[in-house]
Amino acid sequence: LGSYCLIGMAAAAALPARAPGQKPGEMAVQVQMRRTDFHVDSSIVLRIGFLRGELRPTSPEHAPYFDDKHSFVLWIDTARIAIAPPSLGDLLNRYTFAYPGSPLRRLKLSVVNGQLKQQGTLRGISFTILGDLTLTHDRELRLHPSSIKAAGVGVGGLMKFLGLHLEKLVKLRGVRGVRIDKDDFYLTPAELLPPPLVKGRVGTVEVTDTAVVLTFERRDSAEFKPLRIPDSKAMNYMFFRGGVLRFGKLTMDDTDLLIVDAD
């Protein structure tokens, strides 16, 4: 979304963070997105095919505020989101393993014959891991290696012979969203992202030639009903409805905000 127009900005005014008489629970804002690019930074992009959820304030005293990424949590009810393997590699490099002394560096991810290929350096030694990406019962993504090479030489059999695992070689410190159990990498997608915080339950994972595609679903059968947007012809949009939402110097009470692309 580059150029955009705003539709349905009723009740927008310079109001306090919480309107008089507004209960904290009423400040959550319903959200629906379709065909939207969510930019984590200049090159890391999440392709949102569809998303339904809500913005929940992180404090009962303040409504969600677009200019403060720590002011709200995006709770996902249902969604279909894709990320290209290079973007996933950049996400791990710049945020997950960016701490001083990290054993993993220069990660590059790609897809080879339906498997996820992970390249990088482990304590200065180049490695390549080829593995299958699946979803566990705990809704973590599990990368199970079928091949491990160090400096271009297969070492999986040698590691098994010596009783070694990646878990012993890669000591992670204070890393959110990633853990290693024996030779398997486990990823919690929502926790990999920098603020704003994202909460949601992954339902399925699919690896295509160009993307890792996640669908989110609720634990129970109840779901948020789809929102009826003001412009039925809008194809690519973000729609926010109800509650209190702040952006710039404006506060919208009983939010009714549709953002669509100009063309």
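The largest pocket is lined by 45 residues, and Met 33, Phe 38, His 39, Ile 48 and Pro 196 lie nearest its centre. A pocket here is an open set of points on a 1 Å grid over the protein atoms alone, where a 1.4 Å probe fits, with protein on both sides within 12 Å along at least five of seven lines; lining residues have an atom within 4 Å of a point. The model is predicted, so local features need pLDDT of at least 70 and side-chain atom pairs count only at pLDDT 80 or more, while totals for chains, interfaces and linings use all residues. Residues are numbered from 1 along each chain as its sequence is written, and side-chain values use heavy atoms, with hydrogens and water left out.

A volume is the space filled by probe spheres set on the grid points, which are joined across faces, edges and corners. Ala, Val, Leu, Ile, Met, Phe, Trp, Tyr, Cys and Pro count as nonpolar, Asp, Glu, Lys and Arg as charged, and the others, Gly among them, as polar.

| Pocket | Volume | Lining by class |
|---|---|---|
| Largest pocket | about 1,000 Å³ | 39 nonpolar, three polar and three charged residues |
| Second largest pocket | about 470 Å³ | eight nonpolar, three polar and 12 charged residues |

Trp 75, Ile 76, Lys 199, Gly 200 and Arg 201 lie nearest the centre of the second largest pocket, which is lined by 23 residues. The elements giving two or more residues to that lining are β5 (72–83), α4 (189–192) and β13 (197–199). Helices (H or I, at least four residues) and strands (E, at least two) are DSSP runs, numbered from the N terminus.

Pro 196, one of the residues nearest the centre of the largest pocket, sits in the loop between α4 and β13. A cis peptide bond, with omega of about 10°, joins Pro 195 to Pro 196.

Now for the strands. Strand β3 (residues 29–39) pairs with strand β4 (residues 45–57) in the antiparallel sense over 10 bridges; two strands pair if DSSP finds at least two bridges between them. On to β5: β4 and β5 run antiparallel, joined by 10 bridges, with Gly 53 opposite Ile 76 in β5.

Ile 76 also belongs to the largest nonpolar core, of 53 residues, where Leu 51, Ile 76, Ile 81, Phe 97, Val 178 and Phe 240 touch the most other members. β5 gives the most to this core, with six residues. Such a core is a set of buried Ala, Val, Leu, Ile, Met, Phe, Trp, Tyr and Cys residues joined through side-chain atoms within 4.5 Å. Buried means under 20% relative accessible area, exposed over 50%, and partly exposed in between (1.4 Å probe, protein chains only).

Leu 187 lies in strand β12 (residues 184–187) and counts as buried because its relative accessibility is 12%. Leaving aside neighbours within four places in sequence, Leu 187 is in contact (heavy atoms within 4.5 Å) with Glu 140, Leu 141, Gly 177, Val 178 and Leu 192.

Lys 182, in the loop between β11 (178–181) and β12, has a positive phi of about 60° although it is not a glycine, and is exposed at 51% relative accessible area. Asp 254 likewise has a positive phi, of about 55°, without being a glycine, and is partly exposed at 45%.
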